[in-house]
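The sequence and the coordinates come first, and the reading follows.

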Amino acid sequence: MASAGFGLAEVLLASGVLILVVASIVSLSRFVIRGYAVTASRTQALYLAQEGLERVRNARDTLSTDQDPATDFATNIDSLTTGSYYAEWRTAPFSHWEIVNGPEPDIILGVGGIAFTRDTRFDVPDVDLGDARLNPHVKRVTVTVSWTESGQIWSVSAETYLTDWKPEA
């Protein structure tokens, strides 16, 4: 005798497959959303690292055009020992970025409430420049931005080299 409908075994099998497919879609969706959130945070961190480098460059450019030897960048770049610094906006005696010793005191809140910390390090590059005509006042600047997301610590870094670009008088 032929059956006119589905039997219990077929219904259970179809339900199991449907549950498996739905669970896979939900799991994949969660994975994609988490990946998107980390990617968005990484993009913010890269912008913050670039901003840190630009602040240091602005400090160099402002102080390189300064006529006061006490604040001239070429005079002071050699005083930047290996360690943490940050660029701070100053308004006296004129508006400018100034390199300050120590870790950056502010936590930067990003989109979604992610707390970023930025560490700017100066050191002497350990590369052979090979040309005595190059300016000896060279510093490597590395900005690292860190944050915690999904229980994991993430970080990105950006690096550049600074010299006194201003021609000597």
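Does F122 count as buried or exposed? At 1% relative accessibility, F122 counts as buried, where buried means under 20% relative accessible area, exposed over 50% and partly exposed in between, computed with a 1.4 Å probe on protein chains only.

## Basis of the values

This is a predicted model, in which local features need pLDDT of at least 70 and side-chain atom pairs count only at pLDDT 80 or more, while totals for chains, interfaces and linings use all residues. Residues are numbered from 1 along each chain as its sequence is written, and side-chain values use heavy atoms, with hydrogens and water left out.

## Aromatic pairs

A search of the whole structure finds 3 aromatic pairs, a pair being two rings of Phe, Tyr or Trp (for Trp its six-membered ring) whose centres lie within 6.5 Å, with planes under 30 degrees apart counted as stacked, over 60 as edge-to-face and the rest as tilted. The rings of Y85 and F122 have their centres 5.2 Å apart and their planes at 85°, so this pair is edge-to-face. The pair links distant parts of the chain, since Y85 belongs to strand β1 (residues 83–90) and F122 to strand β4 (residues 115–123), 37 residues apart; helices (H or I, at least four residues) and strands (E, at least two) are DSSP runs numbered from the N terminus.

The rings of F116 and W147 have their centres 5.5 Å apart with planes at 50°, so the pair is tilted. This pair too links distant parts of the chain, with F116 in strand β4 and W147 in strand β5, 31 residues apart. Both F116 and W147 are buried, and together with W154 they form one aromatic cluster.

## Strand pairing

Strands β1 and β4 pair in the antiparallel sense over 3 bridges, two strands being paired if DSSP finds at least two bridges between them. Within this pairing Y85 stands opposite T120 in β4. Strand β1 is also joined by 6 bridges to strand β2 (residues 96–101), and these two run antiparallel. R90 stands opposite H96 in β2, and a hairpin joins β1 to β2 through 5 residues.

S150 has a positive phi of about 55° although it is not a glycine, and it is exposed, with a relative accessible area of 56%.

## Salt bridges

The structure holds 7 salt bridges, each defined as a side-chain nitrogen of Lys or Arg within 4 Å of a carboxyl oxygen of Asp or Glu. One of them joins E54 to R57, with the closest N and O atoms 2.7 Å apart; both residues lie in helix α1 (residues 8–64), 3 residues apart, about one turn of the helix. E54 is partly exposed at 33% relative accessibility, and R57 is partly exposed at 21%.

R118 forms a salt bridge with E104, and here the closest N and O atoms are 2.9 Å apart. R118 lies in strand β4 and E104 in the loop between β2 and β3 (108–109), so the pair ties together parts that are 14 residues apart in sequence. R118 is buried, with a relative accessible area of 6%, and E104 is buried as well, with 16%. Both also belong to a network of salt bridges that links E51, R55, E104 and R118.

In a further salt bridge, R140 meets D123 with the closest N and O atoms 3.0 Å apart. R140 lies in strand β5 and D123 in strand β4, so the pair ties together parts that are 17 residues apart in sequence. R140 is buried, with a relative accessible area of 13%, whereas D123 is partly exposed, with 22%.

## Lining of the largest cavity

Which residues line the largest cavity? The lining consists of G52, R55, V56, Y86, A87, E104, R118 and T120, where lining residues have an atom within 4 Å of a point of the cavity, itself a set of points on a 1 Å grid over the protein atoms alone where a 1.4 Å probe fits but cannot get out. The elements that give two or more residues to this lining are α1, β1 and β4, and α1 gives the most, with 3 residues.

Note on methods:
On a 1 Å grid over the protein atoms alone, a cavity is a set of points where a 1.4 Å probe fits but cannot get out, and a pocket is an open set with protein on both sides within 12 Å along at least five of seven lines; lining residues have an atom within 4 Å of a point.
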